[in-house]
Structures are given as C-alpha cells and as structure tokens.
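I opened this notebook to record how the chain folds and how its elements pack. The entries follow the order in which I looked things up.

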Amino acid sequence: GLLSLHEFRGTMQRMVRDGCGMGWGALPAGVQDGVTGFFAPVYEHFLPGWLQLDAELAAALGKSGARVLDVGCGQGKSSVVLAGAHPGAVVVGVDYHDASIAKARLRAEREGVRNVRFEVADAASPAAS
C-alpha cells in the first residue's frame, strides 16, 4: 500500500495542482488495498455500535429479513461487518469497480459470512434488490 502510494505520488500531485480528481478504479490496486486495510479496524470496532445510536435503525436491523444496501462498498469490508453483526439481515454491497467487488466476494467467503452478496452497479442507479 505505502509503496504504491509513493509511486503514485506524482500523479496525485498533478491531480491536486490541476484541480481534477479520479475514481477509485483509477487508483493502483496497492493503494486500494491500503485504504481498505486502513479503514477495516474502524468498521470492525465502531460500525456496529454506531448503528445502535439510532434506535429505529437498530430495531429495523434486528428484524429477520431486514435488507441493507451498501452503496460504494469498495472491497466489501463494511458490508461483511454489517452482515456479520446482523445475521438475520440480507446485505447487498454495490460498487462500480468490478475488481473491488471480486475482492469483496472473496472476503465474505473467507470470513464465512453468508448473508451478504456483492454486485457491480453504479451508485446513480444501483440495480440491487
């Protein structure tokens, strides 16, 4: 992750200087993996508790058959954590980046979480159901 970020530094400097941006899919895979790894502990340790702060949301997630759509799920860590914390729910993670969705599917399989699925979809019109 850090080596990829260092190698990508010139491109990032040009983006900032020129006032343009780029999508997740344009980042090197090592940077994507590094960002995912950086935020993984936040999802693991804080996400389930944050969701409990909203009593209505917590009650809905606690019901069997609850459905959750995680738009822009990237490599799926947040979706897998949500599904693991709410085994009666069905979580669908969507992202436009097919390589990230492939990694998300592997993550769910590796972690043994079965109530989550991942689809390639654009956030402007996620077709997940």
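**Entry 1: Elements and model**

I find six helices and three strands in the protein, taking helices (H or I, at least four residues) and strands (E, at least two) as DSSP runs numbered from the N terminus. Read along the sequence, I note the pattern α-α-α-α-β-α-β-α-β. The C-alpha trace spans about 50 × 30 × 30 Å along its principal axes.

I record that this is a predicted model, in which local features need pLDDT of at least 70 and side-chain atom pairs count only at pLDDT 80 or more, while totals for chains, interfaces and linings use all residues. Residues are numbered from 1 along each chain as its sequence is written, and side-chain values use heavy atoms, with hydrogens and water left out.

**Entry 2: Helices H3 and H5**

I looked up how helix H3 (residues 29-52) meets helix H5 (residues 77-85): their axes come within 9 Å and cross at roughly 45 degrees. Axes are lines fitted to C-alpha atoms, for helices over the stretch in contact, and angles run from 0 to 180 degrees between N-to-C directions. That angle makes H3 oblique to H5; angles under 35 degrees count as roughly parallel, over 145 as roughly antiparallel, 65 to 115 as roughly perpendicular and the rest as oblique.

On the H3 side, I list Ala40, Tyr43, Glu44, Leu47, Pro48 and Leu51 in the contact (heavy atoms within 4.5 Å). H5 contributes Lys77, Ser78, Val81, Leu82 and Ala85.

**Entry 3: The sheet**

I find an open sheet of three strands in the order S1-S2-S3, with parallel pairing; two strands pair if DSSP finds at least two bridges between them. Strand S1 (67-71) and strand S3 (116-120) are the edge strands, each pairing on one side only. The twist averages 20 degrees from one strand to the next.

Strand S2 (residues 90-95) runs parallel to S3, and five bridges join the two. I note Val92 opposite Arg117 in S3.

Which strands does H5 touch as it packs on the sheet? I find S1, S2 and S3, with the direction of H5 at about 155 degrees to that of S3. Helix H6 (residues 98-111) also packs on the sheet, touching S2 and S3, and its direction makes about 170 degrees with that of S3.

**Entry 4: Salt bridges**

I count six salt bridges, each a side-chain nitrogen of Lys or Arg within 4 Å of a carboxyl oxygen of Asp or Glu. Asp33 forms one with Lys103, with the closest N and O atoms 2.6 Å apart. Asp33 lies in helix H3 and Lys103 in helix H6, so this pair ties together parts that are 70 residues apart in sequence.
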